[in-house]
Amino acid sequence: MELKYCRGMSVSIFSILLIFAATGASQAESLAGSKGDVRFPPTLGSGECNVAYKAYVAASGHSAYATTFYSRVVDLYIICGTKLNAPSQKAAEEMAMRNCQAGLTRWKLKTASGGCAISASK
């Protein structure tokens, strides 16, 4: 005994599942080159924070860039922190903030703005 009608139905069901799987895979695109959600434009200068920001933009996964606000009158330095290719955007933001605050603690600095903030995340 041969099943004539079930074969055609199983092929169509399989093709529908394949289409849904292909559309789900195309949504997981790389974040490399994207600036992401920019909350305020970072002041980069020419030092390590400039290099860190360029690495953030080039990162392909969830990443965040945290920095101190810059006031030309009061602050003569910029402290920054990044987290590249984290499991989620929230985790990247938390680690970037910790890295930035660790820099303030390490160099025993106080800023007029009060500390670090997330400048951009993706």
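Predicted model: local features only at pLDDT ≥ 70, side-chain atom pairs only at ≥ 80, totals over all residues.

Guide: Start with the length of H3. Its 18 residues should span 26 Å at 1.5 Å a residue.

Now the sides. Buried in H3 are Ala92, Glu93, Ala96, Cys100, Gly103 and Leu104. These residues cover an arc of only 115° around the axis, which means that they sit on the same side of H3. The face turned away from that buried side carries the exposed residues Lys90, Thr105 and Arg106.

What do the buried residues of H3 pack against? Their partners are strand E2 (62-68), strand E3 (80-86) and strand E4 (116-121).

Take Glu93, which lies in H3 (residues 89-106). Its relative accessible area is 17%, under the 20% cut-off, so Glu93 counts as buried. Beyond its neighbours within four places in sequence, Glu93 contacts Arg39, Ala64, Ile118 and Ser121.

Ala96 is next. Setting aside neighbours within four places in sequence, Ala96 touches Ala64, Tyr65, Ala66, Gly81, Thr82, Lys83 and Ile118.

Ala96 also belongs to the largest nonpolar core, which has 10 residues in all. H3 gives the most, with four residues. A second, separate core has eight residues, including Cys49, Ala52, Tyr56 and Val57.

Finally, look past the helix. Lys108 follows H3, and its phi is positive, near 50°.

Note on methods. Residues numbered from 1 in each chain as written. Heavy atoms only, no water. Helix = DSSP H or I, 4+ residues; strand = E, 2+ residues; numbered from the N terminus. Buried < 20%, exposed > 50% of the residue type's maximum accessible area, 1.4 Å probe, protein only. Contact = heavy atoms within 4.5 Å. Expected span 1.5 Å × (residues − 1). Arc of directions from axis to C-beta. Core = buried A, V, L, I, M, F, W, Y, C linked by side-chain atoms within 4.5 Å.
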